[in-house]
Amino acid sequence: MENPASLKSLPDQNPAEDAPADAAEAHDLDPATNDAATKDAAPFLLGRIGTDEGGTLPSNTISRRTQNGEEVLPVIHPDRQRPHFDFPKAYRHFSILVKDKDRTDELFGVLDALPWRSVGEEAAAFLATERGRKIYQSEPFLPEILDDHAFLRRMPKGSFADTYCNFMEREGLTAAGLIEEANVTRRTIPKLRDGVEWYNDRLRDTHDILHVLTGYGRDTLGEQCLLAFLYDQRPSPGHLFLGWAGTLLMKAKLKTEAPVLKAFRQARRNGRLTQRIVEQPILELLPLPMDEVRRKLNIGEPTYYFEALETWRREGVDPHALLGAQPA
């Protein structure tokens with residue numbers, strides 16, 4: 001598949017001013033992807049929010065083999081519009097979420113209202129590479145892999161797959177359940193069958209994978225740190241807004257010696273230096289030992305987060321109860 005030449009007609013972005021050099025290196029995992037297509041797409045590799053206020057994104061096609069033959073889809077559907085900000089909607093969802101941090105559906109509502117506006121260009125740039133096309137073929141739908149614990153449990157003890165199953169079973173989570181949570185606020189959003197939709201699905205479906213890889217738990221601080229980590233992975237203003245809002249609320253409500261702000265800032269740095277998880281071959285990583293996977297992806301240890309948890313243990317603070325559901 002040729003790199004979409006029409007992408008060049010979109011307004012230029014300047015990633016050099018927007019992200020440090022180490023982030024650019026971190027997101028370029030495989031030297032084999034440095035072909036002509038990748039070079040053409042390079043201006044979009046680290047584009048952030050995007051500045052064009054509308055218009056239909058350009059289209060090209062991508063194919064993969066299925067049980068029913070070859071499936072050909074546009075990389076960017078002709079009807080796909082660039083995501084836009086909806087601040088009133090973000091506030092409505094946030095006002096509910098701040099009363100109950102467990103309302104994952106409301107979290108998705110905020111993220112949809114404050115989206116990563118250049119995701120179409122990023123998806124097209126990735127799918128223009130040999131690596132992207134290979135993963136598109138081998139991993140058409142991650143939840144089918146991630147919810148097959150019988151398959152994953154055949155992988156070695158201590159592997160990424162083993163650790164993931166332990167986490168999901170302990171927390172009572174499934175990849176299919178995350179889709180249901182996301183669909184609560186996305187029922188009215190049209191689904192367009194294209195490469196961008198596949199990429200967007202992976203952004204959603206790797207959420208719990210990120211808990212496992214980063215070491216951030218599902219307690220209140222862990223969720224805020226994961227949002228900070230995610231900003232440079234998928235630069236939606238919603239991630240940074242939710243992360244800062246939750247962290248500052250926690251700091252205001254709780255008198256503690258725990259390094260809450262340091263943990264949040266460290267998470268942001270770790271996310272910037274980590275290779276983009278959505279663009280990794282998950283099937284290839286699952287059998288590997290956790291330490292090896294973290295080294296491959298350059299995931300830093302969340303030392304301040306662990307220090308905060310230990311401080312709260314000494315102070316008798318329940319990290320899961322912070323910003324919990326409030327009585328009506």
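**Burial, helices and ring contacts in a predicted model**

At 4% relative accessibility, Ala175 counts as buried, where buried means under 20% relative accessible area, exposed over 50% and partly exposed in between, with a 1.4 Å probe and protein chains only. The structure is a predicted model, in which local features need pLDDT of at least 70, side-chain atom pairs count only at pLDDT 80 or more, and totals for chains, interfaces and linings use all residues. Residues are numbered from 1 along each chain as its sequence is written, and side-chain values use heavy atoms, with hydrogens and water left out.

Ala175 belongs to helix α11 (residues 175-184); helices (H or I, at least four residues) and strands (E, at least two) are DSSP runs, numbered from the N terminus. Beyond its neighbours within four places in sequence, Ala175 is in contact with Pro143, Leu146, Asp147, Tyr164 and Met168, contact meaning heavy atoms within 4.5 Å. Leu146 is 29 residues from Ala175 along the chain, and the C-alpha atoms of the two are separated by 6.5 Å.

The protein as a whole contains 19 helices and two strands. Of its 328 residues, 52% are buried. Among contacts with a separation of 6 or more, 77% are between residues 24 or more positions apart.

Helix α15 (residues 237-253) has 17 residues, which at 1.5 Å a residue should span 24 Å, and its end C-alpha atoms are 24 Å apart, in agreement. The expected span is 1.5 Å times one less than the number of residues in the helix. Buried residues of α15 are Pro237, Gly238, His239, Leu240, Leu242, Gly243, Ala245, Gly246, Thr247 and Met250. Their cover includes α4 (87-97), α5, α14 (220-233), α16 and α19 (303-315).

Helix α16 (residues 260-273), one of the covering elements of α15, has 14 residues and reaches 20 Å from its first C-alpha to its last, close to the 20 Å expected at 1.5 Å a residue. In α16 the buried residues are Val260, Ala263, Phe264, Gln266, Ala267, Asn270, Gly271 and Leu273. Helix α5 (residues 104-113) holds Glu106, which is buried, with a relative accessible area of 7%. Glu106 touches His93, Ile96 and Leu97, not counting residues up to four places away in sequence.

Rings of Phe, Tyr and Trp (its six-membered ring) pair if their centres lie within 6.5 Å, with planes under 30 degrees apart counted as stacked, over 60 as edge-to-face and the rest as tilted. Nine aromatic pairs are found in the whole structure. Phe85 and Phe87 form one that is tilted, with 5.8 Å centre to centre and 55° between the planes. Phe85 counts as partly exposed at 29% relative accessibility, whereas Phe87 is exposed, with a relative accessible area of 56%. Trp116, Phe126, Tyr136, Trp198 and Tyr199 are linked into a cluster by ring pairs.

Charged side chains also meet these rings. A charge sits over a ring if NZ of Lys or CZ of Arg is within 6 Å of the ring centre and within 35 degrees of the ring normal. Arg64 lies over the face of Tyr136, at 4.0 Å from the ring centre. The charged end of Arg117 sits over the ring of Phe85, 5.7 Å from its centre.

A disulfide is a covalent bond between the sulfur atoms of two cysteines. With a disulfide taken as a pair of cysteine sulfur atoms within 2.5 Å, the search of the whole structure finds zero. Cys165 is buried, with a relative accessible area of 0%, and Cys225 counts as buried at 0% relative accessibility.

Two loop residues complete the description. Pro190, in the loop between α11 and α12 (195-205), counts as exposed at 60% relative accessibility. Pro190 and Arg80 are 110 residues apart in sequence, and their C-alpha atoms are 9.4 Å apart in space. Asn298 is in the loop between α18 (290-297) and α19 and is partly exposed, with a relative accessible area of 42%. Its phi is near 65°, a positive value in a residue other than glycine. Most residues other than glycine have a negative phi.
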